[in-house]
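User: Got a model open here and I'd like a quick tour. Can we begin with how the helices pack?

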Amino acid sequence: MKQSFFKNKRILVTGACGTVGSRVVKHLLEAYEVGELIGLDNNESALFFLEQKFSRYSNAHFFLADVRDPEKLETKFKGVDIVFHTAAFKHVILCERSPFEAVQTNIMGVRNVIKAARKCNVKKVIFTSSDKAVNPTNVMGTSKLMGERLMTAANSNMNEEGPVFASTRFGNVLGSRGSVIPIFKEQIRQGGPITLTDPEMTRFIMSVNEATRLVVDSVMLARGGEVFVTKMPVIRIQDLAQVMIDELAPQYGYRPADIKIEIIGSKAGEKLYEELMSHEETRRTLELDLYFVVLPAFKCIYYDINYHYPDIISDTVNNPYHSANEKPLTVVELRDFLVKNQLMEEASENNEHPRERYWPNGE
């Protein structure tokens, strides 16, 4: 089904140089017979290297573009069938310090994508959101929530000829740039200490491959206005630190007991647990085999959408999906997850990563 769905289609990925965007590009080029793959990003150097990486694919084309530029988007969206919108500002602290910039990219950028998709008759648009959009406590999460709302509103105002708009909601993509794993790895390499925010902190986790699967699957499942949430395991951050110490310390010439853990406290606005679904959303959520589907609160005003999906397990979800309520992986299960997804191996392109964790207003 996937092969036939993507065959000969023209697909565009915004944020093509990001962790998820670049993997979506790779997956679509290598696994499917897409007609054309267009990658957009405003990072010149990263885009140059991405183009070199996929130079053997004559159907892949990469362009400098910013989602803040509506005219450029309209130019590149012409003749496109599917848009994966992965471009965003994601770092909480930087968005908090520069909220107007976050609004320009994470909110106005979504609006520009919607307008260009409508004008160019794109068939489907998938927006990649974040768990931080649920009951947000910071600018980044709030901007992502607004992005979801814009996608749902865009779908509710479309006729049957218009694009299908939908969102995906991620947990922590382990190993992505700026995530805790490369920081812990570098801290261990230098002999410690590992800096831990709070021993009780829990997080949903997923690999980059799982995030890619969510994006690709959701475009086939999307009927319009939904938010797709992947079912994910939960970990305690303290367990993650200990597993990485046990596994990596000997590789760097240390005994695990030599690597200390230092508690530094959580950042302002940071939760001890994560939420992937709110209480209100449970009333309109379906459970599938691999996903939860949050249906739009406001349905399309011009025609009825049949929200039917394969593998529906239940049309009733009673509990909000957050990490404090879910049983975390055991240490053995967590180790297996990290090994299976090659998350403790050295990066092949650039091993350098800062060991410090910057906490504004911290001691």
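Analyst: Start with helix H2 (residues 19-31) and H9: their axes come within 9 Å and cross at roughly 70 degrees. That makes H2 roughly perpendicular to H9. Keep in mind that this is a predicted model.

User: What is the handedness of the crossing where H2 passes H9?

Analyst: Right-handed.

User: Which residues in H2 meet H9?

Analyst: From H2, Thr 19, Val 20, Arg 23, Val 24 and His 27. They meet Val 208, Asn 209, Ala 211, Thr 212, Val 215 and Val 216 in H9. By class, this contact of H2 with H9 has six nonpolar, four polar and one charged residues.

User: And H10 with H12, at what angle do the axes cross?

Analyst: At roughly 65 degrees, for H10 (residues 237-248) and H12 (residues 331-340). Those axes come within 10 Å. Angles of 65 to 115 degrees count as roughly perpendicular, and H10 and H12 are therefore roughly perpendicular to each other. H10 passes H12 in a right-handed crossing.

User: Which residues in H10 and H12 meet?

Analyst: On the H10 side, Asp 239, Leu 240, Val 243, Met 244, Asp 246 and Glu 247. On the H12 side, Val 331, Leu 334, Arg 335 and Leu 338. The residues of this contact divide into six nonpolar, no polar and four charged.

User: Switching to the core. Which residues touch the most other members of the largest nonpolar core?

Analyst: Phe 6, Leu 28, Phe 84 and Tyr 309, out of 59 residues in that core. Helix H9 (residues 208-221) gives the most to this core, with eight residues.

User: What is Phe 84 in contact with, leaving aside its neighbours within four places in sequence?

Analyst: Phe 6, Ile 11, Leu 12, Val 13, Thr 14, Val 24, Leu 28, Ile 126, Val 215 and Val 219. Val 24 and Val 215 also turned up in the contact of H2 with H9. There is a second, separate core of 25 residues as well. That one includes Val 180, Ile 181, Phe 337 and Met 344.

User: Back to H9. Is Asp 217 buried or exposed?

Analyst: Buried, with a relative accessible area of 10%. Asp 217 is found in helix H9. Apart from neighbours within four places in sequence, Asp 217 is in contact with Lys 2 and Tyr 291.

User: What is phi of Asn 8?

Analyst: Near 65 degrees, a positive value in a residue other than glycine. Asn 8 lies in the loop between helix H1 (2-6) and strand S1 (10-14). Asn 8 is exposed, with a relative accessible area of 58%.

User: And what about phi of Asp 311?

Analyst: Positive, about 65 degrees, although Asp 311 is not a glycine. Asp 311 sits in the loop between strand S14 (291-294) and strand S15 (312-314). Asp 311 is exposed too, with a relative accessible area of 56%.

User: Where does Tyr 302 lie?

Analyst: In the loop between S14 and S15. Tyr 302 is exposed, at a relative accessible area of 57%. Not counting residues up to four places away in sequence, Tyr 302 touches Ser 156, Asn 157, Met 158 and Asn 159. The C-alpha atoms of Tyr 302 and Ala 88 are separated by 31 Å. Along the chain, Tyr 302 and Ala 88 are 214 residues apart.

User: Last one. Where does Pro 233 lie?

Analyst: In the loop between strand S10 (227-230) and strand S11 (234-236). At 24% relative accessibility, Pro 233 counts as partly exposed. Leaving aside neighbours within four places in sequence, Pro 233 is in contact with Arg 203, Phe 204, Ile 205, Leu 329 and Phe 337. Phe 337 is one of the residues of the second core.

User: How many residues apart along the chain are Pro 233 and Ser 323?

Analyst: 90, with their C-alpha atoms separated by 8.6 Å.

Key
Residues numbered from 1 in each chain as written. Predicted model: local features only at pLDDT ≥ 70, side-chain atom pairs only at ≥ 80, totals over all residues. Heavy atoms only, no water. Axes fitted to C-alpha atoms, helices over the stretch in contact; angles between N-to-C directions. Helix = DSSP H or I, 4+ residues; strand = E, 2+ residues; numbered from the N terminus. Parallel < 35°, antiparallel > 145°, perpendicular 65-115°, else oblique. Left-handed = near helix turned anticlockwise from the far one by under 90°. Contact = heavy atoms within 4.5 Å. Nonpolar A, V, L, I, M, F, W, Y, C, P; charged D, E, K, R; others polar. Core = buried A, V, L, I, M, F, W, Y, C linked by side-chain atoms within 4.5 Å. Buried < 20%, exposed > 50% of the residue type's maximum accessible area, 1.4 Å probe, protein only.
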